[in-house]
Amino acid sequence: MTSQDWNNRLYFGDNLEILREHVADESVDLIYLDPPFNSNATYNVLFRERGGEESSAQITAFDDTWHWGIESELAYREVVTDGPSALSDMLQSMRSFLGQNDMMAYLTMMAQRMIELHRVLRQTGSIYLHCDPTASHYLKMLLDAVFGARNFRREIIWQRSRSHGGASSYNSVHDTIFYYSKSGDITWNPQYQPHSSEYIQSHYVYVDNDGRRYRLAPAHGAGAGPARRFGDRIIEPPSGRHWSWTQERIDRLMEEGRIAFTTTGMPNYKRYLDDTPGRPLTDVWTDIPPINSQARERLGYPTQKPEALLERIVSASSNEGDVVLDPFCGCGTATAAAERLGRRWIGIDITHLAIALIRHRLHDSFGDGLRPYEVVGDPKDLASAQALAQHDRYQFEWWALGLVDARPAQDKRRGADSGIDGYINFFDDNSGKAKRIIVQVKSGNVNVSQVRDLKGVVEREQAEIGLFITLRQPTGPMLREAVSSGFYVPEHYPNHHFPRTQVLTIEELLSGRGAEYPRVAPQATFKRAPRRRSHGSEQMMMV
């Protein structure tokens, strides 16, 4: 497939199956993955209100509690019998050392995926695996077994926080990023960091008449050589040294004013500050802060990484038009970085909540400048919606809420059902206070009492509209009960009438029908990502 035929792709599903079924051999130029593992951790999405304050809505995005069971055993046997011999030996040694526990289940899962990631990576490609110290030492051994120890490039240390005190031992303030290649022939674009102000003051001590800072560098190197003419003077190099340039280049540098003479008459080269891109980037990154609670790009997703971190990786190890893959894409920082830098991209996540967040992030960030992309694996018809509901009703609920751009309201797996599955904020005046639509989603049998219950919740919450989404067809009494609610009439738009209780089927939503409510101001359900300018686009960044 050529770049002209390419559509960026966002996959919903298990990344192992997606990789095996949808990603071709040697079709990816750069892989970034941040697979979560922090034993028995639960990662929650903390939604924020339009003004930035935290809301009470907290949704469990995923658990990374790994347990050894039949699936782990089957995966282990698959890797040992069918995987590369080095990986097979390594995994057996790990099991002998660790036993059958949560860590071993996690490492077996990662071993399966590393095989596929190696397969899809081009010969000139690179992989960056982001992890914390919980499992980093084991993951590096797996990477050595799959990609080869000779293809280990760097262990990058990213300082993700400052020392916060109070710990009984050394404070943990860094993550590890393992950088491997598939071969010795890699795509590499050198990266630089700006010089510190202290370095500039101590090294670039001279200033030209035009205000340009510079330092003086010797114009000679080791080994004897002849004298050269500098202007109207012929000067011998120091004993045992030679002038670094030919006479032709010396003449050009003299004409450009790039040669300065010391008090003893020795020529030096003027190295201007603005001629240097900075100091070459090292493997310790202390200049990219984590996303704090007030950051504009913060979307509330657990494990979200700064865009600057991913932009650095994408810039260094890929070129414009290359394909970037993130198999654990979460809220889509890698896909956003790839989009902005003119790369093609593939994102994979196993939750519909993440898919919804990524879609909103991309559209908020790039607007009309967003290149075409497709979502693969989410229901496109009634039959697939029914299959999703039967497989996982919580994923179905998140997906259905995404059809109307509604925010999930609570995590019912961890608490009582308050009658609110989601809600939509909208504005129809200049008060700055959002109006609200209460959303309920039903995947099973439905009846008129559920519509009455929704009306009660709308009244209790002092919301303007109630929206009832059903997978199955509503009954006549349900529709009549909804009609009996009357209409919501905006104060400033008395000629507009919106049903107070609306019943929509999944089939209707898939056909393009949507909820009816005022849209005179941008809806504010999700925290908006800051507007970005994509590579090659004239779209301006919103600040």
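Biologist: In what order do the four strands of the open antiparallel sheet stand?
Modeller: The model is predicted, with local features needing pLDDT of at least 70, side-chain atom pairs counting only at pLDDT 80 or more, and totals for chains, interfaces and linings using all residues. Residues are numbered from 1 along each chain as its sequence is written, and side-chain values use heavy atoms, without hydrogens and water. Strands (E, at least two residues) and helices (H or I, at least four residues) are DSSP runs numbered from the N terminus, and two strands pair if DSSP finds at least two bridges between them. On these terms the order of the open sheet is E9-E10-E16-E15.

Biologist: Which are the edge strands of that sheet?
Modeller: An edge strand here pairs on one side only. This applies to residues 206-207 and residues 259-261, that is, to strands E9 and E15.

Biologist: Which residue of E10 stands opposite Val207?
Modeller: Strand E10 covers residues 213-218. E9 and E10 pair in the antiparallel sense over two bridges. In E10, the residue opposite Val207 is Arg213.

Biologist: How many strands form the open sheet with mixed pairing, and which strands stand at its edges?
Modeller: The order is E18-E6-E7-E5-E2-E19-E20-E1-E21, which comprises nine strands. Two of these strands have a single partner strand each, so one side of each is left without a neighbour in the sheet. They are E18 (284-285) and E21 (373-376).

Biologist: Which residues lie on each of the two covered faces of E23?
Modeller: In a regular strand the side chains alternate between the two faces of the sheet. In strand E23 (residues 422-426), five of the five residues are buried, so the strand is largely enclosed by the rest of the structure. One side holds Gly422, Ile424 and Phe426, and the other holds Tyr423 and Asn425.

Biologist: Which residue of E24 stands opposite Gly422?
Modeller: E23 and E24 (residues 435-442) pair in the antiparallel sense over five bridges. E23 is also joined to E22 (residues 407-408) by two antiparallel bridges, with Arg407 opposite Tyr423. In E24, the residue opposite Gly422 is Val439.

Biologist: Is H13 roughly parallel or roughly antiparallel to H14?
Modeller: Axes are lines fitted to C-alpha atoms, for helices over the stretch in contact (heavy atoms within 4.5 Å), and angles run from 0 to 180 degrees between N-to-C directions. The axes of H13 (residues 448-461) and H14 (residues 476-483) come within 8 Å and cross at roughly 20°. Angles under 35 degrees count as roughly parallel, over 145 as roughly antiparallel, 65 to 115 as roughly perpendicular and the rest as oblique. H13 and H14 are therefore roughly parallel.

Biologist: What percentage of the residues of the protein count as buried?
Modeller: The secondary structure comes to 15 helices and 28 strands. The protein has 543 residues, and the part that counts as buried is 50%.

Methods. Buried < 20%, exposed > 50% of the residue type's maximum accessible area, 1.4 Å probe, protein only.
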